[in-house]
Structure formats: structure tokens, C-alpha cells
Amino acid sequence: MVKLTMIARVTDGLPLVEGLDDGRDMPDVDYYKKQAKALFTNLSRGQNEASRMSIETGPYVFHYIIEGRVCYLTMCDRAYPKKLAFQYLEDLKNEFERVNGSQIETAARPYAFIKFDTFIQKTKKLYQDTRTQRNVAKLNDELYEVHQIMTRNVQEVLGVGEKLDQVSQLSSRLTSESRIYAEKARDLNRQALIRKWAPVAVVLGVVILLFWVRKKIW
């Protein structure tokens with residue numbers, strides 16, 4: 001069964017649509033939604049350039065397609081036919097491009113096209129039962145094949161992003177420590193200059209004071 005459906009902009013990972021009732025029967029739905037958003041973030045960084053991919057996660061599989069800088073993603077049971085999952089995404093893609101294609105690049109807030117959920121719910125119902133005559137016909141359709149679509153593991157995919165995050169954090173920490181070191185070095189230089197020139201300043205001050213006193217007396 002289709003468990004989760006999300007659509008996001010690839011350029012920045014901005015979520016555009018989410019099936020509102022997706023995952024109600026899943027106690028850990030928030031965990032998988034976080035994974036989906038992490039996948040969108042990875043895609044926005046250019047980590048996975050395949051336009052179609054399946055990603056295994058626990059008892060489920062994420063399937064996604066990328067078209068026109070938009071990622072259409074669904075999560076299904078592992079037993080759900082891969083072919084139906086991708087045809088479901090194709091149906092969403094075709095309608096989403098037709099209805100919202102001209103506004104995708106200008107969307108500025110998350111879930112700007114939430115009204116598209118109506119179409120998601122209607123289409124999802126058509127694909128839920130794999131035994132219907134319609135879906136059996138789609139499974140037998142030789143014009144749409146998915147054998148060459150790569151399947152990977154979610155830890156493998158997200159691990160790339162996690163390593164990048166670690167590098168970014170390390171870089172930020174090194175930058176911060178370098179700034180602290182530079183400030184300490186300036187303080188030490190300032191103190192060294194004070195120790196070097198303070199006696200000279202004292203002697204000059206005494207000499208000037210003596211000249212001033214002498215002038216007052218005479």
C-alpha cells in the first residue's frame with residue numbers, strides 16, 4: 001500500500017505538497033517523514049543525481065522521480081509492486097505540472113500547493129488495491145518497465161549527507177577556533193608592546209614632568 005506521498009522542489013528542498021492523511025495507520029510516521037525531508041535536502045545538494053530511484057528503509061521503500069526540478073516521492077510497503085509505485089508518481093507528476101507548473105519556481109513558503117492533496121487522495125485510492133483489473137493491466141503493461149531503476153539503502157543514501165554535515169560542522173568549529181586564536185594573538189601582541197614601551201613612556205613622563213617643574217620654579 002501507498003503509505004506516504006510528498007512533493008518537493010529539488011533546488012532547495014522546499015516541500016510543496018504532502019498527502020494530509022498519509023501514514024495515519026503508522027505510529028512512526030514522523031520518523032519516515034523526517035527521512036523523506038532529509039532525502040529532499042540531499043537532493044538539493046546534488047547528492048543523488050538519478051532521476052528515478054528506490055530507497056529501502058525498514059519495512060518500506062521510498063520511490064521517487066525527478067522532473068522539472070521537482071521531486072515526487074512516495075513510500076510503500078516493500079511488497080507493493082515497484083511498477084505501480086512509479087506509475088502512481090507519473091500520474092501525480094503529469095497533473096501537478098499541468099496545474100501548478102508555472103508557479104513552482106516562485107513558491108516561497110512550504111506546502112504552497114496543499115490543494116493538490118485532493119488529487120493525491122483520489123489517485124492513491126486507485127492504486128491501493130493491486131488486484132483490481134486496472135492495476136493488473138498496468139502491471140502487465142510492457143511499455144513501462146522499472147527494472148533498470150536503482151535500489152539503494154536509506155543509510156547509504158543519507159550517510160553521504162551526514163558526512164557532509166560533519167565536515168561542515170568541523171569547518172565551522174575550525175573557523176570559530178581560528179577566530180578565537182587570532183583574538184588571543186592580538187591580545188598577546190598588545191601586552192608585549194605595553195611591556196616593551198611602558199618603561200620608555202614612564203621615563204619620558206618623568207623627564208617631561210621635571211622640565212615642567214623646573215620651568216615653574218625658574
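In total the secondary structure comes to 5 helices and 6 strands. The model is a predicted one.

Of the 218 residues of the protein, 38% count as buried. Among contacts with a separation of 6 or more, residues 24 or more positions apart account for 66%. The accessible surface of the protein comes to about 13700 Å², and carbon and sulfur atoms hold 57% of that surface.

The aromatic side chains come next. A pair of aromatic rings is described by two quantities, the distance of the centres and the angle of the planes. The structure holds 7 aromatic pairs. One of these joins Tyr-32 and Tyr-60, with ring centres 5.1 Å apart and planes at 85°. Planes over 60 degrees apart count as edge-to-face, so the Tyr-32 and Tyr-60 pair is edge-to-face. Tyr-32 belongs to helix H1, residues 29–44, whereas Tyr-60 belongs to strand S4, residues 60–67. The two tyrosines are 28 residues apart, and their pair links distant parts of the chain. Both Tyr-32 and Tyr-60 are buried.

A further pair is formed by Phe-96 and Phe-116. Their ring centres lie 5.0 Å apart with the planes at 80°, so this pair is also edge-to-face. Phe-96 is in helix H2, residues 82–100, while Phe-116 is in the loop between H2 and helix H3, residues 117–128. Because of these positions, the pair ties together parts that are 20 residues apart in sequence. Buried means under 20% relative accessible area. Phe-96 has a relative accessibility of 0% and therefore counts as buried. Phe-116, with a relative accessible area of 6%, is buried as well.

Phe-96 and Phe-116 also belong to a cluster: ring pairs link them with Tyr-72, Phe-113 and Phe-119.

Another aromatic ring has a charged partner. The charged end of Arg-134 sits over the ring of Tyr-127, at 4.5 Å from the ring centre.

The cysteines remain. The structure holds 0 disulfides. Cys-71 has a relative accessibility of 1%, so Cys-71 counts as buried. Cys-76 also counts as buried, because its relative accessibility is 0%.

Key:
Residues numbered from 1 in each chain as written. Predicted model: local features only at pLDDT ≥ 70, side-chain atom pairs only at ≥ 80, totals over all residues. Heavy atoms only, no water. Phe/Tyr/Trp six-rings, centres within 6.5 Å; stacked < 30°, edge-to-face > 60°. Helix = DSSP H or I, 4+ residues; strand = E, 2+ residues; numbered from the N terminus. Buried < 20%, exposed > 50% of the residue type's maximum accessible area, 1.4 Å probe, protein only. Lys NZ or Arg CZ within 6 Å of the ring centre and 35° of its normal. Disulfide = S-S within 2.5 Å. Contact = heavy atoms within 4.5 Å. Areas by Shrake-Rupley, 256 points an atom, 1.4 Å probe, with all protein chains shown as cover.
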